[in-house]
Amino acid sequence: MQIKAENITKILGGNTIFKDLTLAIAHGERLAIVGRNGCGKTTLLQLLAGVEAVDAGRVIKAKNSKVSYLHQIPIYHNITVQEVLRLAFSSLIEMEQQLQQYEQQMQVTTTEQLLAQYGEVQEEFIQLGGYEIDHQIQTVANGLGITSLLAQDFEQLSGGEKTKVMLAHVLLGNPDTILLDEPTNHLDLSAIEWLEQFIQQYKGSVVIVSHDREFLNHTIHKVVELEEGELWESRGNYDDYLRNREARYAQQFEQYKEQQKKIKKIQEAIKRLRQWANEASPPNPDLYRKAKVMEKMLHRMEKVKRPAITKHMQLQLEAKERSGKRVYTVDEMSYIVRDDFLFYDVNFAIYWQDRLAIVGDNGTGKSTLLKLLLQQIKPTTGSIQQGSNVKVGYLSQQFEMLQPKMRLIDAFREHCMMTEPEARHVLAKFLFYGQDVFKQVKDLSGGEKMRLRLAQLMQEDCNVLLLDEPTNHLDIDSCEVLEETLENFKGTLIAVSHDRYFLRKLFNKTAWIMAQQVTMHNGNYDWAKEKQLAQFSL
């Protein structure tokens with residue numbers, strides 16, 4: 001075993017997240033922890049990493065094993081990204097400095113003892129890959145798409161860029177166990193696919209919390225479900241887990257129904273015995289005793305738990321009116337950022353009821369293209385024409401429209417005429433119950449903010465939806481509800497996403513942004529990827 005959580009209990013804010021929970025992670029194992037938002041997945045990772053302390057029980061780690069967990073972004077002053085990544089090789093860098101000291105000493109005088117010490121350290125340095133540090137950094141940087149950041153000051157990077165750099169730092173450290181919490185959130189498609197290959201070839205243990213179903217299918221061979229403070233394990237990838245969970249629920253429900261029938265029969269028998277005992281003249285004590293024995297037997301019976309019915313958010317989006325045939329017309333459009341073209345001479349059209357996915361590497365301008373379509377910014381040259389009767393609903397991944405100190409219920413009511421009881425009724429459909437509606441926006445998790453924005457979007461009269469990474473902060477159950485809702489939406493759908501499961505299920509057209517161009521493909525992500533590779537390999 002690399003790590004074992006043994007009978008652990010964790011209490012947060014007076015609430016017991018889980019009690020007497022046990023989980024063992026074997027060497028080389030790849031497992032995912034899944035469950036609804038707020039069930040304690042991240043807390044469990046923090047306990048395994050030693051970032052948080054357990055309230056009861058213990059977490060045991062293999063002797064001399066190294067566990068890496070990306071849980072927060074450290075502060076580095078006056079240091080480049082390259083230097084941050086080199087910190088992952090701290091022991092090798094110490095050996096490198098020791099070799100340099102020996103070399104300086106040998107320039108003054110050379111002794112057999114000094115040569116022997118130098119040779120000994122150098123041999124170990126070579127065996128540990130000391131001369132391959134820069135090559136390893138370059139390989140991981142290329143894979144995660146951060147090569148252009150290597151010379152930049154770490155402090156000047158965006159939050160997403162810092163996350164990618166620290167992920168690279170974790171991978172370069174070559175730990176025995178890697179704990180990854182939503183690792184794909186800030187990665188583009190090419191970086192996600194590279195990370196999948198890295199994990200597949202990695203010899204250590206990997207524990208992943210992620211809502212990216214395709215990523216899980218390609219990287220793990222065991223799923224651990226955390227529900228109501230209890231763990232249930234399923235062998236295989238995520239799709240196998242879904243099948244196993246369905247079969248388990250069906251079996252549990254059948255066992256529950258059978259036991260309920262048995263309990264009902266025993267209760268009826270007890271009732272009859274008491275009735276017969278009372279009707280006898282004189283009252284029959286033997287019948288009373290039999291009824292008492294059966295009552296004790298019923299009390300001692302281990303009850304089969306009724307399978308929990310998961311509450312899903314209730315989302316409904318309707319296109320009440322249709323727009324004109326052409327929703328957007330982009331004509332010879334160019335856009336310049338910092339004296340360089342982000343887009344150059346782009347031409348395409350989007351039609352009523354198109355389902356268009358916008359994909360491309362980070363930095364190619366996916367979110368910028370959405371803002372151009374929204375007319376929040378104007379093209380440098382050319383034009384973007386919006387069609388007739390187009391009513392746009394926009395879901396941003398940045399949540400900049402939410403006021404941090406505003407209460408959730410007030411933020412929801414800000415753009416719709418609704419009484420507080422009516423608002424609470426609607427918010428309950430998005431899993432905000434009781435005192436949840438009085439939380440300040442700044443205290444909401446990413447998933448809660450996304451659910452709030454979806455609740456607001458449901459009140460808008462729109463026939464065109466523009467979505468920027470809509471699945472990024474949602475748990476898997478909420479992702480599936482969103483997908484089903486969008487599948488039934490009768491209007492036009494345009495979305496930026498790196499969620500391949502989401503892309504394959506909903507979109508039949510793909511706009512691929514690459515080399516300052518937007519290439520339109522009449523097919524889903526897989527079709528577009530094949531055509532894009534063929535086009536740029538010529």
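Colleague: Where does Ser323 lie?

Modeller: Ser323 is in the loop between helix 10 and strand 10. Keep in mind that this is a predicted model.

Colleague: Okay, and is Ser323 buried or exposed?

Modeller: Buried, because its relative accessible area is 4%, under the 20% cut-off.

Colleague: What does Ser323 touch, leaving out residues up to four places away in sequence?

Modeller: Trp352, Ser388, Asn389, Val390 and Asn463.

Colleague: Now Met313. Where is its place?

Modeller: Met313 is also in a loop, the one between helix 10 (285-300) and strand 10 (326-337). Met313 is buried too, with a relative accessible area of 3%.

Colleague: Which residues does Met313 touch, again not counting residues up to four places away in sequence?

Modeller: There are Lys429, Phe430 and Leu431, then Arg451 and Leu454, and finally Ser478, Val481 and Leu482.

Colleague: And how many Å separate the C-alpha atoms of Met313 and Ser91?

Modeller: 49 Å, for two residues that are 222 residues apart along the chain.

Colleague: Switching to helices. Which residues of helix 13 are buried?

Modeller: Helix 13 runs over residues 420-428, and Ala423, Val426 and Leu427 are buried there. Those three are on the same side of helix 13, because they cover an arc of only 95° around the axis.

Colleague: Why would residues a few places apart point the same way?

Modeller: An α-helix has 3.6 residues a turn, so residues three or four places apart end up pointing the same way.

Colleague: What's on the other side of helix 13?

Modeller: Pro421 and His425 are there, and both are exposed. As for the buried residues of helix 13, their cover includes helix 12 (408-413) and helix 14 (446-458).

Colleague: What about helix 5, which of its residues are buried?

Modeller: Ile133, Ile137, Val140, Ala141, Gly143 and Leu144. They cover an arc of only 160° around the axis, so they sit on the same side of helix 5.

Colleague: What do the buried residues of helix 5 pack against?

Modeller: Four helices: helix 2 (81-86), helix 3 (90-108), helix 6 (159-172) and helix 7 (189-201).

Colleague: How far apart are the end C-alpha atoms of helix 5?

Modeller: 17 Å. Helix 5 has 12 residues (133-144), which should span 16 Å at 1.5 Å a residue, so the two values agree. Just after helix 5, Gly145 has a positive phi of about 70°.

Colleague: Let's go to the surface. Which residues form the nonpolar patch with about 260 Å² of accessible area?

Modeller: Ile336, Phe341 and Tyr344 form it, and that area is for them together. Phe341 is in strand 11 (residues 340-351). Phe341 counts as partly exposed because its relative accessible area is 34%, between the 20% and 50% cut-offs.

Colleague: Last topic, the whole protein. How many helices and strands does it have?

Modeller: 17 helices and 18 strands. The C-alpha trace spans about 115 × 80 × 45 Å along its principal axes.

Colleague: And what percentage of the residues are buried?

Modeller: 46% of the 538 residues. The accessible surface comes to about 27800 Å², and 47% of that belongs to carbon and sulfur atoms.

Colleague: What share of the contacts join residues at least 24 apart?

Modeller: 67%, taken among contacts between residues at least 6 apart in sequence.

Methods
Residues numbered from 1 in each chain as written. Predicted model: local features only at pLDDT ≥ 70, side-chain atom pairs only at ≥ 80, totals over all residues. Heavy atoms only, no water. Helix = DSSP H or I, 4+ residues; strand = E, 2+ residues; numbered from the N terminus. Buried < 20%, exposed > 50% of the residue type's maximum accessible area, 1.4 Å probe, protein only. Contact = heavy atoms within 4.5 Å. Arc of directions from axis to C-beta. Patch = residues over 30% accessible without salt bridge, like charges linked within 9 Å, V, L, I, M, F, W, Y side chains within 5 Å. Areas by Shrake-Rupley, 256 points an atom, 1.4 Å probe, with all protein chains shown as cover. Salt bridge = Lys/Arg side-chain N within 4 Å of Asp/Glu carboxyl O. Expected span 1.5 Å × (residues − 1).
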